[in-house]
Amino acid sequence: THLGHSFPTRRSSDLVDLEESIGSVETTKVVYDKIFELKIANAQIVINFANFLEENQYWEESFKVRPP
């Protein structure tokens with residue numbers, strides 16, 4: 001079956017949602033960093049990461065989030 005181009009992004013978004021729910025701030029940051037490293041982040045993931053950092057008072061880092 002053809003999974004489409006959005007499959008990796010959808011899966012990574014699900015993983016981030018899970019990590020934000022049950023993981024720590026640090027483990028969630030690791031997941032986001034890996035998504036960026038793999039260059040599979042879309043615009044929504046970039047925005048979500050910046051918001052996540054801001055919500056957790058990582059002000060400086062939230063302004064540095066950039067798409068891959």
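Guide: Gladly! In this predicted model, helix H3 covers residues 43-55, and at 1.5 Å a residue its 13 residues should span 18 Å. The end C-alpha atoms of H3 are 18 Å apart, which agrees with that expectation.

Visitor: Which residues of H3 are buried?

Guide: They are Ile45, Val46, Phe49, Ala50, Phe52 and Leu53.

Visitor: How do you know that they are on the same side of H3?

Guide: Their arc around the axis is only 160°, so they are on the same side of H3. An α-helix has 3.6 residues a turn, so residues three or four places apart point the same way.

Visitor: What does the face of H3 turned away from the buried side carry?

Guide: That face carries Ala43 and Glu55, which are exposed.

Visitor: Why is Thr28 called buried?

Guide: Buried means under 20% relative accessible area. Thr28 has 1%, so Thr28 is buried. Thr28 lies in helix H2, residues 25-37. Leaving out residues up to four places away in sequence, Thr28 touches Glu19, Glu20 and Phe52. Phe52 is one of the buried residues of H3.

Visitor: What makes the pattern of the chain α-α-α-α?

Guide: The chain has four helices and zero strands, and α-α-α-α is the pattern read along the sequence.

Visitor: What is found at the start of H3, and what just after?

Guide: At the start, a side-chain oxygen of Asn42 comes within 3.1 Å of the backbone nitrogen of Gln44. Just after H3, Gln57 has a positive phi of about 65°.

Technical notes:
Residues are numbered from 1 along each chain as its sequence is written. This is a predicted model: local features need pLDDT of at least 70, side-chain atom pairs count only at pLDDT 80 or more; totals for chains, interfaces and linings use all residues. Side-chain values use heavy atoms; hydrogens and water are left out. Helices (H or I, at least four residues) and strands (E, at least two) are DSSP runs, numbered from the N terminus. Buried means under 20% relative accessible area, exposed over 50%, partly exposed in between (1.4 Å probe, protein chains only). Contact means heavy atoms within 4.5 Å. The expected span of a helix is 1.5 Å times one less than its number of residues. The arc is that of the directions from the helix axis to the C-beta atoms. A polar contact is a pair of N or O atoms within 3.5 Å; within protein, one must be able to donate a hydrogen and the other to accept it, and residues adjacent in sequence count only if both atoms are side-chain atoms.
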